[in-house]
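Subject: Structure for your files

Hello,

Here is the structure I said I would pass on. Please open it alongside this message, as the notes refer to residues by number.

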Amino acid sequence: MIYRRCGHSGIKLPVLSLGLWHNFGDIDSYDVAHDMVLTAFEQGICHFDLANNYGPPPGSAERNFGRILSSDLKTHRDELFISSKAGHDMWEGVYGTGSSRKNIIASCDQSLLRTGLDYFDIFYSHRYDPETPIEETMQALIDLVKQGKALYVGISKYPADKQAEAYAILQEAKVPCLLSQYRCSIFDQKAKHTNFESAQQAGSGIICFSPLAQGLLSGKYNQGIPADSRVAKGSMFLQTSHLTQERIEAAKKLDELAQKRHQTLAQMSLAWVLNDERVTSVIIGTSSPQQLMSNLKALQNLSFTEEELQIIDVIADNPLISF
Ligand SMILES: NC(=O)c1ccc[n+]([C@@H]2O[C@H](COP(=O)([O-])OP(=O)(O)OC[C@H]3O[C@@H](n4cnc5c(N)ncnc54)[C@H](OP(=O)(O)O)[C@@H]3O)[C@@H](O)[C@H]2O)c1
């Protein structure tokens with residue numbers, strides 16, 4: 001495993017982290033989830049990315065991860081870097097969503113109970129909430145650190161102007177933002193242009209999610225919809241309507257380039273995100289230990305020639321594929 005330093009902090013993270021958004025809920029196989037977490041840990045992936053609402057049902061990914069921790073990784077707590085987040089819809093009623101102090105503190109307490117952890121290594125505001133003053137959201141994160149419930153704090157999907165405000169408030173309280181999370185892949189390069197520079201200047205690490213555009217950039221949909229895929233399983237986040245001709249054509253062209261590099265398309269797509277050295281880590285999702293092992297081989301070739309990067313830019317330069 002390769003580890004990169006997280007912004008101006010003392011923390012290093014593996015360049016590949018494992019996310020538990022899909023495939024770790026109660027609708028999924030516990031045995032497969034268990035194998036993926038243990039395989040990841042054995043391969044040096046010590047960072048696991050959770051959120052209160054991961055499942056389904058919401059909360060079940062945290063509960064299942066807690067079960068794996070307690071059965072197999074209890075004695076390794078100090079080798080693990082575990083995140084959770086609050087901000088999206090979680091429980092019924094007016095306090096079960098958004099980025100108010102009420103939601104963030106209660107949600108963190110609930111996530112600690114579900115995972116069985118004493119503290120999270122990092123706790124995020126999962127999204128910017130325009131209905132809550134940003135000072136209130138940041139103060140809630142700062143207080144989680146002061147209460148010992150989180151060691152570090154982070155923000156996810158914040159617009160560029162709001163992330164600058166968040167960094168300033170956190171900095172003043174001497175609880176600097178450890179990580180900023182953005183969606184980033186060959187198919188969605190927006191954050192690279194709008195957010196990365198200010199994150200880097202503020203000393204925040206950058207961590208990218210959905211590097212394979214939820215599987216589109218594995219090439220798995222190039223010949224149709226595999227029966228065991230995210231689309232076939234009926235995810236509301238990746239649907240048949242997202243598999244447009246433009247995206248499939250682009251994936252096919254990218255696959256040709258990947259083959260010339262002796263990589264799978266998934267491996268090349270992960271390497272492409274990591275080619276930006278501002279990126280601390282990439283959060284991957286997998287539905288089997290085999291996918292995880294295959295994706296890890298991306299680390300065998302992280303460099304690109306100028307010509308390869310230009311080919312990728314030309315293929316990606318189409319607003320219709322952005323996803
Ligand atoms: N902060 C936020 O708001 C936010 C939002 C989204 C995600 N995230 C984080 O980012 C993590 C990753 O997101 P993601 O799941 O969208 O990531 P992704 O890496 O873009 O997509 C993962 C999916 O691609 C498919 N796949 C992966 N490797 C493959 C391979 N070698 N061959 C074929 N198919 C492969 C699998 O889907 P199949 O089921 O089809 O096999 C897998 O579940 C999440 O778990 C979460 O922790 C954060």
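Predicted model: local features only at pLDDT ≥ 70, side-chain atom pairs only at ≥ 80, totals over all residues.

Residue numbers start from 1 along each chain as its sequence is written.

Barrel

A closed barrel of 8 strands runs E3-E4-E5-E6-E7-E8-E9-E10, with parallel pairing. Strands (E, at least two residues) and helices (H or I, at least four) are DSSP runs numbered from the N terminus, and two strands pair if DSSP finds at least two bridges between them. From one strand to the next the twist averages 30°; angles run from 0 to 180 degrees between N-to-C directions, and axes are lines fitted to C-alpha atoms, for helices over the stretch in contact.

Strand E5 (residues 81–86) pairs with strand E6 (residues 120–125) in the parallel sense over 4 bridges, and Ser84 has Phe123 in E6 as its bridge partner. E7 and E8 also run parallel, joined by 4 bridges, with Gly154 opposite Leu179 in E8. Strand E8 (residues 177–183) is largely enclosed by the rest of the structure, because 6 of its 7 residues are buried. Buried means that 20 or more other C-beta atoms lie within 10 Å of the residue's own, exposed means 12 or fewer, and partly exposed is in between, with C-beta atoms placed from the backbone.

Core

The largest nonpolar core has 87 residues. Such a core is a set of buried Ala, Val, Leu, Ile, Met, Phe, Trp, Tyr and Cys residues joined through C-beta atoms within 7 Å. Helix H9 (residues 265–274) gives the most to this core, with 8 residues. Ile122, Phe123, Val153, Cys208, Leu217 and Val282 have the most contacts inside the core. Beyond its neighbours within four places in sequence, Val282 is in contact (C-beta atoms, placed from the backbone, within 7 Å) with residues including Val15, Cys208, Pro211 and Leu270.

Helix contacts

The axes of helix H8 (residues 245–260) and helix H11 (residues 306–316) come within 10 Å and cross at roughly 170°. H8 is therefore roughly antiparallel to H11; angles over 145 degrees count as roughly antiparallel, under 35 as roughly parallel, 65 to 115 as roughly perpendicular and the rest as oblique. Ala250, Lys253, Leu254 and Leu257 in H8 meet Glu308, Ile311, Ile312 and Ile315 in H11. The residues of this contact divide into 6 nonpolar, no polar and 2 charged, where Ala, Val, Leu, Ile, Met, Phe, Trp, Tyr, Cys and Pro count as nonpolar, Asp, Glu, Lys and Arg as charged, and the others, Gly among them, as polar.

For helix H2 (residues 60–73) and H3, the axes come within 7 Å and cross at roughly 40°, so the two are oblique to each other. By class, this contact has 2 nonpolar, 3 polar and 3 charged residues. Helix H3 (residues 101–115) also lies across E5, E6 and strand E7 (150–156), at about 135° to E5.

Two residues

Leu141, in helix H4 (residues 134–146), is buried, with 30 other C-beta atoms within 10 Å. Leaving aside neighbours within four places in sequence, Leu141 is in contact with Ile104, Phe123, Ser125 and Val153. Ala164, in helix H5 (residues 160–172), is partly exposed, with 15 other C-beta atoms within 10 Å.

Regards

Conventions:
Contact = placed C-beta atoms within 7 Å.
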